[in-house]
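Colleague: Hi! I've never looked at this one before. Could you walk me through it?

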Amino acid sequence: MARRREKLPPDRSKALVAMTVNGERVEAPFEPHKTMLEVLREDLALTGTKHGCELGECGTCAVLLDGKPVLSCLVLGLECEGRSVETVEGMAGPEGLHPLQKAFADLGAAQCGYCTPGFLLTAKALLEENPRPTLPEIRQALAGNLCRCTGYVKIFEAVELAAAWLRGEAAEPRKESLYGYDFDESGLLPSHPGPVGAVLAAAREAAVDEGGDKPRPYRAKAR
Ligand code: FES
Ligand code: FES
């Protein structure tokens, strides 16, 4: 004899919240104390958003809420009712990677990868608001995203390159971005011990620290 299926009572310990996640409307049941970070990772299986300090200090959990970057460890899931959330899983489209994702990959800016989703989404919001940011503006916009492992130069360069692509410019990575500041036009990668190395290091520092109120130009792509 077929067993009668018991109808489960609704789980009153959970809230049912309707929101749009990466363009899709979802109704997610979750415990009302959960942060958006926990809801994304534990209830919606969107583990691209990373779990760092949980204190609002590292930026690794950054997502876009109604197009603005927020730290998802500091936002309650309940606050997302009726709102639009974008995570790194929503960045690539049918035509492939988002230009920021491609630039991060091409330039090696996804160094450890852990902080990368937060950097990508914060940079996306910047470029939507300011398509031609200067280096200081990029640094300012990404100031809340910490890299714990390697450094920021590749990340800033990748945002500059993606900005050029998004403006429709045929740009390619600077050679020094790919090969370092001791790249020479002969195609060799000489090592420079002693004073020469020190001069190159100083040049690199100066380039990284340069202020300036104009975006740095990119070479046009060779045809
Ligand atoms: S995990 Fe949210 S800011 Fe660090
Ligand atoms: S690149 Fe992720 S912490 Fe440094």
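Modeller: Happy to! One term first: two strands pair if DSSP finds at least two bridges between them. Please also keep in mind that this is a predicted model.

Colleague: Let me step back a bit. How many helices and strands does the chain have?

Modeller: There are seven helices and five strands in the chain. Going from the N terminus, the elements run β-β-α-β-β-β-α-α-α-α-α-α.

Colleague: And in what order do the strands sit in the sheet?

Modeller: The order is β2-β1-β5-β3-β4, in an open sheet of five strands with mixed pairing. At the edges are β2 (24–30) and β4 (68–71), each of which pairs on one side only. From one strand to the next, the twist averages 40°.

Colleague: Which way do β3 and β4 run, parallel or antiparallel?

Modeller: Antiparallel, with four bridges joining β3 to β4. Leu65 stands opposite Lys68 in β4. The hairpin of these two strands has two residues between them, and Asp66 there takes a positive phi near 50°.

Colleague: What about β3 and β5, how many bridges do they have?

Modeller: They pair over two bridges, in the antiparallel sense.

Colleague: Is Ser84 buried or partly exposed?

Modeller: Ser84 is partly exposed, because it has 16 other C-beta atoms within 10 Å, and a residue needs 20 or more to count as buried.

Colleague: What does Ser84 touch?

Modeller: Leaving out residues up to four places away in sequence, Ser84 touches Thr20 and Asp66. That Asp66 is the residue with the positive phi in the hairpin of β3 and β4. As for Arg25, it is 59 residues from Ser84 along the chain, while the C-alpha atoms of the two are separated by 8.8 Å.

Colleague: Changing topic to the helices. Which residues of α1 are buried?

Modeller: In helix α1, which spans residues 36–43, the buried residues are Met36, Leu37, Val39, Leu40 and Arg41.

Colleague: How about α3, which strands does it lie across?

Modeller: Helix α3 lies across β3 (62–65), β4 and β5 (84–86), and it runs at about 35° to β3.

Colleague: At what angle do α2 and α3 cross?

Modeller: Roughly 130°, with the axes of α2 (residues 99–107) and α3 (residues 116–129) coming within 10 Å. That angle makes α2 oblique to α3. The crossing is right-handed.

Colleague: Which residues meet there?

Modeller: From α2, Leu100, Gln101 and Phe104 meet Thr116, Leu120, Ala123 and Lys124 in α3. By class, this contact has four nonpolar, two polar and one charged residues.

Colleague: And how do α3 and α5 pack, at what angle?

Modeller: About 45°, with the axes of α3 and α5 (residues 153–166) 11 Å apart. The two helices are therefore oblique to each other. α3 passes α5 in a right-handed crossing.

Colleague: Who meets whom between α3 and α5?

Modeller: On the α3 side, Phe119, Ala123 and Leu127 meet Ile155, Val159, Ala162, Ala163 and Leu166 in α5. By class, that contact has eight nonpolar, no polar and no charged residues. Ala123 is listed in the contact of α3 with α2 and in the contact with α5.

Colleague: Last one, looking at the whole chain. What share of the residues is buried?

Modeller: Buried residues make up 32% of the 223 residues in the chain. On contacts, taking those between residues at least 6 apart in sequence, 59% join residues at least 24 apart.

Colleague: Great, thanks for the tour!

Key: Residues numbered from 1 in each chain as written. Chains lettered and ligands numbered in written order. Predicted model: local features only at pLDDT ≥ 70, side-chain atom pairs only at ≥ 80, totals over all residues. Axes fitted to C-alpha atoms, helices over the stretch in contact; angles between N-to-C directions. Parallel < 35°, antiparallel > 145°, perpendicular 65-115°, else oblique. Left-handed = near helix turned anticlockwise from the far one by under 90°. Contact = placed C-beta atoms within 7 Å. Nonpolar A, V, L, I, M, F, W, Y, C, P; charged D, E, K, R; others polar. Buried ≥ 20, exposed ≤ 12 C-beta atoms within 10 Å, placed from the backbone.
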